Amino acid sequence: VLKLSMEGGRNMEYRIEKKEAFTVLCRAQTFSYEEGPARVPDFWREHFATGGSAVVRGLYGINIDADMAGERFDYLIADPYDPAVGIPEGFVTRTIPAHTWAVFPCRGKMAEAMHTVNKQIFSEWLPSNGTYDIASGINVERYDDASKYPEGIHDISYYSEVWVPVRKK
């Protein structure tokens, strides 16, 4: 009998990057953690269906749980903010502070691939790595240009990233 065992948490691909603070133009909504997995994809669909992508195409999806209470979070569909452009009605700006980030590549169909990587980060990588702790209640999803893939965000090779702010233990 052959038995294989994998411990993905310690072997996850990631890199550590320092990033300066950056400001985004975004559409924001607050969700409970319980409803988030079902409602965030609806928020994206609504954003595109109502023409929001003419203002913010969605380079970033950003979770902010400032007090890290684990009950509710703000979710932002965001792009880098250009101060030369006004802030249209229904949109706001938010500044993401400078941090050291653990950046995890994510490949595959959205939103399944993103859910899988996030689950691995928080259930496997964080508990098993001996070097880093969470530094802040922010989680950044960075999305590639979907037009570069034959099936857009549903392409099996679609690329995105998850950024988690970290500090050394």
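**Salt bridges and fold**

Student: Which residue does R45 form a salt bridge with?
Tutor: R45 pairs with D42, and their closest N and O atoms are 2.5 Å apart. A salt bridge here is a side-chain nitrogen of Lys or Arg within 4 Å of a carboxyl oxygen of Asp or Glu. This is a predicted model, where local features need pLDDT of at least 70, side-chain atom pairs count only at pLDDT 80 or more, and totals for chains, interfaces and linings use all residues. Residues are numbered from 1 along each chain as its sequence is written, and side-chain values use heavy atoms, leaving out hydrogens and water.

Student: Where do R45 and D42 sit?
Tutor: Both are in helix α2 (residues 36-49). They are 3 residues apart, so about one helical turn separates them. Helices are DSSP runs of H or I with at least four residues, strands are runs of E with at least two, and both are numbered from the N terminus.

Student: Is R45 buried or exposed?
Tutor: R45 counts as exposed because its relative accessibility is 52%. D42 is partly exposed, at 38%. Buried means under 20% relative accessible area, exposed means over 50%, and partly exposed lies in between (1.4 Å probe, protein chains only).

Student: What does R107 form a salt bridge with?
Tutor: Its partner is E13, with the closest N and O atoms 3.6 Å apart. R107 lies in strand β6 (residues 99-107), while E13 is in the loop between α1 (8-11) and β1 (15-19), so the pair ties together parts 94 residues apart in sequence. Both R107 and E13 are exposed.

Student: And what about D144, which residue does it form a salt bridge with?
Tutor: That one is K148, at 3.0 Å between the closest N and O atoms. D144 is buried, with a relative accessible area of 18%. K148 is exposed, at 56%.

Student: Which residues do shared partners join into one network?
Tutor: Salt bridges link R15, E17, K19 and E161 that way.

Student: How many salt bridges does the structure hold?
Tutor: It holds 8.

Student: New topic. How many helices and strands does the chain have?
Tutor: The chain has 3 helices and 9 strands. From the N terminus on, the order is α-β-β-α-β-β-β-β-α-β-β-β.

Student: What size of box do the C-alpha atoms fill?
Tutor: Along the principal axes, the box is roughly 60 × 40 × 30 Å.

Student: What share of the residues counts as buried?
Tutor: Of the 169 residues, 41% count as buried.
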